[in-house]
Amino acid sequence: MLQTLKLQWKVWLVLPWAVAIVGCQWERSSQAQPQGPGEEQNQLPLVDVAIAAPSSTPSTLAYSGTTAPTQTVVVRSRSAGQILRLTADVGDTVAQGALIAQLDNAVQRLDISEAQSELAARQFEVEQAKAELAAVQTQVEQAKAAWEQAKVDAERYKSLAADQVVSLQTAELADTERRTTEQVYKAATAQVQAQSRAVDAANRRVNVQAALIAQSLERSDDTRLNAPISGVVMTRAVEAGDFMQPGQPILEIGNLSQIQITIQVSDRDLAQFRVGQGVQVTLDALPGRTITGQITTISPVTDPAARLVPVEIAIANPGGGIGSGLLARVTVNTPDRGILRIPETALNWSAAGDEGTVFVPRTETADTVVEARPVQVGQRNNGEVEILSGLEPGEAFVVKSDRPLSGGETVQRSFLSQ
């Protein structure tokens, strides 16, 4: 028994020295051996390679906007005066033509009274002018009769004088009477024409005054403000008792039978939109509800700085449950156009951000060499980018590399490569 314990003690003393000696010999042996082919390849860039193929899944574009009435009208005062009463407040529904405000019309009533008195005076002038015209016309008839008689007498006395029945002086007096009555007739005729023009002028003054009365009546009607459209009162700018000036806003009415949402679309995505296209709308105020909307207008004007185009979307609101100013999230499913899409990680972007470079593997003997290929890019969405030119379907490209690459560099494909 004692001998066995002594033997174990010797083994435990010798074992650490033996392990150390073997380890040193293994380390020297490892340093002396040359590196194998696999270890040399590990020094090359490791890349993931994929095959370019058109996307078969339609893309989705998401935008946000704010709900607003499809039509908004600001009711403004059309005359000066104090507001006697307001019949509508914010949130009230009003019908087209309904009375919503009444202004004091005392000044307008006074103007109408004065204008009517002036009209009566003008009408009296017309009657006077017509009476004078009638009197002048009577004088014309009398002058014409006297002239006709004088002509007959002058002819008769001229004939009698030729027969020496009456004296030549009597014939001359008859001819003088004829000329005198002729001048009286002509003067009376001219007076009729002048008086006729006076009657016309008096009638025109009556018409002008009647127009002034109509304007006064219209200004009086302007003190009654009616709703121009059916809708909901959005804002109220005044209170009863305020004094208004022409053009001052009173109420704002919005038509909420339909809701309008305006989104800002990048000009790169504009080709995905068309008037009449259906979109999906969700409102944070109505969780769990998706509403189908329709694109109604695509603005022809683009913001030159942001390159954004306003696009208007309409959604039905028959019950009036959707108000103005709510956050709306719009989702547009764009059709699959068979455009090539690759991950954005495969691109080295240009400074402008509209062009990039992809690396295309080219096999030369046993090595894989990559070629730098410039490409033109299109829309970017969900981590992918459209390739418009520079890369064809079926071509291989480097999706990802463990280090930056350069054209003509030899790489090693990863086991994930296609």
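Predicted model: local features only at pLDDT ≥ 70, side-chain atom pairs only at ≥ 80, totals over all residues.
**Notebook: rings, charges and strands**

I started with Arg 156 and found its charged end over the ring of Tyr 157, 4.8 Å from the ring centre.

Next I looked for another charge over a ring. Lys 151 lies over the face of Trp 147, and I get 4.1 Å to the ring centre. Is Trp 147 buried or exposed? Its relative accessibility is 16%, so I put it down as buried, the cut-off being under 20%.

Then I went through the aromatic pairs. How many does the structure hold? I count two. One of them is Tyr 63 with Phe 273, an edge-to-face pair with 5.8 Å from centre to centre and 65° between the planes. Tyr 63 sits in strand β2 (residues 60-76) and Phe 273 in the loop between β9 and β10, so this pair ties together parts 210 residues apart in sequence. I checked burial here too: both Tyr 63 and Phe 273 are buried.

Trp 147 turned up again, with Tyr 185. Their ring centres are 5.4 Å apart and the planes are at 20°, so I call the pair stacked. Trp 147 belongs to helix α3 (residues 106-162) and Tyr 185 to helix α4 (residues 168-221), so to speak distant parts of the chain, 38 residues apart.

Last stop, strand β1 (residues 46-51). Which way does β20 (residues 410-413) run beside β1, parallel or antiparallel? Parallel, and two bridges join them. Leu 46 has Gln 412 as its bridge partner in β20. With β19 (residues 396-401), β1 pairs in the antiparallel sense over five bridges. There I found Val 49 opposite Val 398.

Key. Residues numbered from 1 in each chain as written. Heavy atoms only, no water. Pairing = 2+ DSSP bridges. Helix = DSSP H or I, 4+ residues; strand = E, 2+ residues; numbered from the N terminus. Phe/Tyr/Trp six-rings, centres within 6.5 Å; stacked < 30°, edge-to-face > 60°. Buried < 20%, exposed > 50% of the residue type's maximum accessible area, 1.4 Å probe, protein only. Lys NZ or Arg CZ within 6 Å of the ring centre and 35° of its normal.
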